Amino acid sequence: VEAGSEGWRKGLLQQQGRGRPSGPGPGPGQEQQSGPAGKEEAAPAPKKRRLAGGERYVPPPRKLNTGVSFGAAHFAETSYYFEGGLRKVRPYYFDFRTYCKGRWVGRSLLHVFSTEFRAQPLAYYRAAARAGRLRLNEQPVRDLDVVLKNNDFLRNTVHRHEPPVTAQPIQILAEDQEVVVVDKPSSLPVHPCGRFRHNTVIFILGKEHGLQELHTIHRLDRMTSGVLMFAKTVEVSKRIDEQVRERQLEKEYVCRVVGEFPEHEVVCEEPILVVSYKVGVCRVDPKGKFCKTIFQRLSYNGKSSVVKCLPHTGRTHQIRVHLQFLGHPIVNDPIYNMEAWGPDRGKGGKIDKTDEELLKALVEEHRSKQSLDILGIMEEDLNSSAESKDSGDTSDCTKPVQADPSSENSCPAEDAQDPGRNDTAGLGGRASGEKDPLCVECKMIRRDPSPKELVMYLHALRYKGVGFEYCSRMPEWAAEEWEE
């Protein structure tokens with residue numbers, strides 16, 4: 001319900017252009033999608049049946065408008081400002097909207113808040129109800145003891161704060177009638193996910209370059225920079241998607257890793273398993289999914305090596321996990337080159353911690369450095385009870401999901417949305433505000449990351465398919481003579 005919670009953003013894959021599942025009612029976490037100008041396509045209103053005394057009317061679910069893109073109304077929600085080498089978003093009001101989850105039916109709103117949305121105290125939700133920010137079937141919620149029914153439509157207005165990203169501009173490498181290709185800076189998610197909306201490639205291209213209705217062909221991890229390609233039409237997207245399925249696409253990355261990488265070609269085929277969807281952590285494990293990466297050293301400066309990476313599959317964090325396994329993690333990887341993995345930093349898959357202990361150690365290490373934002377999470381996210389390890393539910397937009405065969409993805413998790421489709425949260429319809437009396441974020445003072453902290457030394461250098469090939473320049477840190 002609150003900006004940092006997941007429960008209101010489940011079911012994204014089901015919602016993004018795929019409509020609601022068949023059956024007697026909505027699937028878990030079904031969210032209402034808005035149209036290009038914030039308008040919703042509703043089915044013709046049926047005649048209301050007579051209600052028994054005290055019975056609450058629940059309207060039928062609205063028809064979803066599939067394949068919606070972002071438009072001017074979305075972009076106007078707030079604005080950017082630049083400070084200390086960072087791109088920042090002014091806080092703004094925003095509506096999270098969802099259909100009642102199956103497991104919520106028959107439970108009170110108070111019970112749902114107290115068990116699944118513990119990032120905020122119950123006093124906050126009571127205050128939000130009094131302020132008219134909680135609505136059930138578009139009617140203000142006055143009593144949190146109200147029992148939820150199938151098809152109930154919930155709306156929660158929050159004061160939203162987004163993490164800062166690098167102020168480095170997005171460079172357009174190529175553009176024609178079919179595609180636009182950009183050089184994505186590190187720290188930017190590709191599209192709205194988790195706590196990011198305006199500080200994303202999709203929104204920046206729409207707001208600053210007038211590029212709308214873009215269809216994502218492949219993704220890059222939030223901390224990964226480099227070549228990123230969008231289709232301008234559904235037809236082009238489908239054509240390139242076919243190349244993805246036929247494994248006709250080639251991607252080439254460069255990175256700077258710890259130590260002297262072997263001079264000969266190294267092939268790593270260790271299976272990868274997702275440890276945490278919320279934090280976005282994976283590891284090598286026999287129970288994981290097959291993947292393959294080919295590595296070739298380009299240079300060595302006595303301390304670190306520049307390595308070319310050719311992923312043949314697209315598992316979550318594949319390149320980063322394989323490099324860690326080989327004992328050469330990316331120099332400044334904020335996950336896979338941390339002390340939490342132990343003295344060997346996960347080399348050879350040796351961790352000597354349970355998954356729970358590993359996650360706790362990673363979070364504590366970043367908390368001590370006041371750098372939880374680098375992980376894409378916040379303290380209130382950690383207080384929530386919604387984490388489900390290896391649950392198989394990859395629909396949450398704060399989780400990374402398995403990528404398509406062409407990607408080294410993704411934000412905690414930016415891959416929860418389908419290419420070229422809108423996210424399912426609604427338009428707040430209110431002017432942005434710097435301060436809000438109910439907002440916990442407004443009362444906190446957070447340390448801004450430095451621009452250097454927002455750069456990871458992993459870059460997508462080349463993207464090639466049938467009839468096209470796009471390249472970017474080598475990043476500065478990949479120069480042979482470069483030193484930290």
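Colleague: What makes Glu250 and Arg462 a salt bridge?

Modeller: This is a predicted model. In the model, the closest N and O atoms of Glu250 and Arg462 are 3.6 Å apart. The cut-off is within 4 Å, between a side-chain nitrogen of Lys or Arg and a carboxyl oxygen of Asp or Glu. So the pair counts as a salt bridge.

Colleague: Which parts of the chain does the pair link?

Modeller: Distant ones. Glu250 is in strand β12, residues 250-258, and Arg462 is in strand β18, residues 458-465. They are 212 residues apart.

Colleague: Why is Arg462 called buried?

Modeller: Its relative accessible area is 13%. Buried means under 20%, so Arg462 is buried.

Colleague: And Glu250: buried, partly exposed or exposed?

Modeller: Glu250 has 41% relative accessibility.

Colleague: What makes Glu116 and Arg103 a tie between parts of the chain?

Modeller: Their side chains meet in a salt bridge, 2.7 Å from N to O. Glu116 lies in helix α3, residues 109-116, and Arg103 in the loop between β3 and α3, so the pair ties together parts 13 residues apart in sequence. Glu116 is buried at 13% relative accessible area. Arg103 is partly exposed at 46%.

Colleague: Where do Glu242 and Arg245 lie?

Modeller: Both are in helix α6, residues 234-245. They sit three residues apart, about one turn of the helix. Glu242 forms a salt bridge with Arg245, with the closest N and O atoms 2.8 Å apart.

Colleague: Why is Arg245 called exposed?

Modeller: Arg245 has 56% relative accessibility. Exposed means over 50%, so Arg245 qualifies. Glu242, at 34%, is partly exposed.

Colleague: How many salt bridges does the structure hold?

Modeller: It holds 27. Some join up: Asp95, Arg135, Glu138 and Arg155 are linked in a network of salt bridges.

Colleague: How do you know that β4 and β6 pair?

Modeller: Strands β4 (residues 134-136) and β6 (residues 153-160) share three bridges, in the antiparallel sense. Pairing needs at least two bridges, so these strands pair. Arg135 has Arg155 in β6 as its bridge partner.

Colleague: What makes β3 and β5 edge strands?

Modeller: The open sheet has four strands in the order β3-β6-β4-β5, with antiparallel pairing. Both β3 (92-99) and β5 (139-140) pair on one side only.

Colleague: What is the volume of the largest pocket?

Modeller: About 880 Å³. It is lined by 31 residues, and among the closest to its centre are Lys452 and Trp477. By class, the lining has 13 nonpolar, nine polar and nine charged residues.

Key: Residues are numbered from 1 along each chain as its sequence is written. This is a predicted model: local features need pLDDT of at least 70, side-chain atom pairs count only at pLDDT 80 or more; totals for chains, interfaces and linings use all residues. Side-chain values use heavy atoms; hydrogens and water are left out. On a 1 Å grid over the protein atoms alone, a cavity is a set of points where a 1.4 Å probe fits but cannot get out, and a pocket is an open set with protein on both sides within 12 Å along at least five of seven lines; lining residues have an atom within 4 Å of a point. Grid points are joined across faces, edges and corners, and a volume is the space filled by probe spheres set on the points. Ala, Val, Leu, Ile, Met, Phe, Trp, Tyr, Cys and Pro count as nonpolar, Asp, Glu, Lys and Arg as charged, and the others, Gly among them, as polar. Helices (H or I, at least four residues) and strands (E, at least two) are DSSP runs, numbered from the N terminus. Buried means under 20% relative accessible area, exposed over 50%, partly exposed in between (1.4 Å probe, protein chains only).
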